[in-house]
Amino acid sequence: MDTVTYKTSQRFWKQVNILTPEECWEWQGSLRGDSYGQVYANKRHRAAHRFSFFLANYYYPPVVRHKCDNRICVNPNHLEGGTQTDNMKDVVERGRHFYANKTHCPRGHEYDEANTYNKPNGSRECRACRKARKLLDIDTPHL
């Protein structure tokens, strides 16, 4: 179980631009390579938003998600705990998923309503490519 000293929490909050509870409180300290804030606490580097969540809630969930989609926000009101599955659902719903933003399949067919097959697992497939693949399977002799 992690413990945080008063001195560590004070050092943390000095690196935050605190505004109203509704606004993003942006981290002013160092950033990781993926543009998330980082803080050194308890002899290790930690994501600033995860540390903020810990200070407000006294536990670390598997994933701390930003409701505001601002990577450097550490406002506890904008953070919520969850799982990696929850996080990936957020990414897709908010239109930030790499594959969900693609407009054409690898063979160049457009992903429009008529040409897109939505699979039961949530992924999608080009109907034209699917049809061609099925035709090849039928015509190919099975040995």
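Analyst: We begin with a term: a nonpolar core is a set of buried Ala, Val, Leu, Ile, Met, Phe, Trp, Tyr and Cys residues joined through side-chain atoms within 4.5 Å. Buried here means under 20% relative accessible area. Note also that this is a predicted model.

User: Which residues make up the largest nonpolar core?

Analyst: In general, nonpolar side chains tend to be buried together in soluble globular proteins. In this chain, the largest such core holds 10 residues. They are Phe 12, Val 16, Trp 25, Trp 27, Val 39, Ala 41, Ala 48, Phe 51, Leu 55 and Val 74.

User: Which element gives the most residues to this core?

Analyst: Two elements give two or more residues each: strand S3 (38-41) and helix H2 (48-57). The largest share, three residues, comes from H2.

User: Which residues does Leu 55 touch, leaving aside those up to four places away in sequence?

Analyst: Leu 55 is one of the core residues. Its contacts, with those sequence neighbours not counted, are Val 4, Ser 9, Phe 12 and Trp 13.

User: In what order do the helices and strands run?

Analyst: The chain has four helices and eight strands. Read from the N terminus, the order is α-β-β-β-β-α-β-β-α-β-β-α.

User: Is the chain compact or spread out?

Analyst: For 143 residues the globule rule gives 15 Å, but the radius of gyration is 22 Å. The C-alpha trace spans about 70 × 35 × 25 Å along its principal axes. Because that radius is well over the rule's value, the chain is, next to a compact globule, more spread out.

How values were computed: Residues are numbered from 1 along each chain as its sequence is written. This is a predicted model: local features need pLDDT of at least 70, side-chain atom pairs count only at pLDDT 80 or more; totals for chains, interfaces and linings use all residues. Side-chain values use heavy atoms; hydrogens and water are left out. The radius of gyration is taken over C-alpha atoms; the globule rule is 2.2 Å times the number of residues to the power 0.38. Buried means under 20% relative accessible area, exposed over 50%, partly exposed in between (1.4 Å probe, protein chains only). Contact means heavy atoms within 4.5 Å.
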